[in-house]
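Q: I'd like a close look at one part of this model. Please walk me through it slowly, with the terms spelled out.

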Amino acid sequence: MSARPEQFETVHERVCVADLIFDIRRPISAEDLIDEREYEIDERLPYWADLWPSGRVLADHLAGMDLAGCRIVELGAGLALPSLVAAARGATVVATDWYEPALAFVAENAARAHLTVQTMLVDWREPPDALLERPFDLVIAADVLYEARNVSPLVGLVAGICAPTGQVLIADPRRNDAAAFLDAMDAAGWTREREDIQFNGRRDETGSTIHLHRLTPSRS
Ligand SMILES: C[S@@+](CC[C@H](N)C(=O)[O-])C[C@H]1O[C@@H](n2cnc3c(N)ncnc32)[C@H](O)[C@@H]1O
């Protein structure tokens, strides 16, 4: 992995999740990382460099679960706070993102917390075989349903990597494209339930309610 946190101007943020305390190193400003060339090529924006409200809500939820021995993959992990919490609760975790620097920060933040989190470079539209060959007990993601172009790849990917007895947990701040994703999962026979969680920290433009979706594959 060639990207290194040392290449960025960074801050350390103390993040508390239940009884866990993390010292998260992250870029000082995600906005400063915008690269117009990258945007022109594939509309890539460095959203990975922030800790988003949905990620915090998902992390908080995972902290209350018994995850010992559970195989978990996080999609669009960014700084991967949920993955860190899952590892602290005894899960075997793979954190994925399509930005290499995000994974470098995850590796460093996990090491600082004395946790093991495997990282993998994954673009949802072209997932590597190394990801597809492993079914996971739990597929997690926070704030990934914000672009129409990603709905169909995410539906296919989630179905491809979730074990038949597994579950998917997605925290979503009521993004416009979430409905299309959920409709497609319904059509594919998944069952789902939703919990509405109030987030009391920094809000983004969608407000303070985060939807936590729990989806299970059709058992037929
Ligand atoms: C809004 S951020 C959320 C980050 C993190 N989950 C959180 O809640 O703090 C969306 C994340 O999805 C990742 N992402 C966007 N498009 C992707 C794609 N095609 N393949 C893989 N990751 C992608 C971004 O790099 C970013 O880390």
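**A ring cluster and its surroundings**

A: Let's start with Trp48, which counts as buried because its relative accessibility is 4%. Buried means under 20% relative accessible area, exposed means over 50%, and partly exposed is in between (1.4 Å probe, protein chains only). Keep in mind that this is a predicted model: local features need pLDDT of at least 70, side-chain atom pairs count only at pLDDT 80 or more, and totals for chains, interfaces and linings use all residues. Residues are numbered from 1 along each chain as its sequence is written, and side-chain values use heavy atoms, leaving out hydrogens and water.

Now for the rings. Rings of Phe, Tyr and Trp (its six-membered ring) pair if their centres lie within 6.5 Å; planes under 30 degrees apart are stacked, over 60 edge-to-face, and the rest tilted. The structure has 7 aromatic pairs. One of them is Trp48 with Tyr99, a tilted pair with 6.3 Å between centres and 40 degrees between planes. Trp48 sits in the loop between helix H1 (36–42) and helix H2 (53–63), and Tyr99 in the loop between E4 and H4, so this pair ties together parts 51 residues apart in sequence. (Helices, H or I with at least four residues, and strands, E with at least two, are DSSP runs numbered from the N terminus.)

Tyr99 is buried too, at 5% relative accessible area. Tyr99 also pairs edge-to-face with Trp98, because their planes are at 90 degrees, with the centres 6.2 Å apart. Trp98 itself is partly exposed, at 23%. Ring pairs link Phe8, Trp48, Trp98, Tyr99 and Phe105 into a cluster.

The charged end of Arg44 sits over the ring of Tyr99, 3.9 Å from its centre, and over the ring of Trp98, 5.0 Å from its centre. That wording requires NZ of Lys or CZ of Arg within 6 Å of the ring centre and within 35 degrees of the ring normal.

Next, follow Phe105, which is among the buried residues of H4. Helix H4 covers residues 100–112, and what covers its buried residues includes strand E1 (10–17), E2 and helix H3 (81–88).

Arg25, found in strand E2 (residues 20–27), is in contact with residues including Phe105 and Glu108; contact means heavy atoms within 4.5 Å. Arg25 counts as buried because its relative accessibility is 14%.

Notes
Expected span 1.5 Å × (residues − 1). Lists of a residue's contacts leave out its neighbours within four places in sequence.
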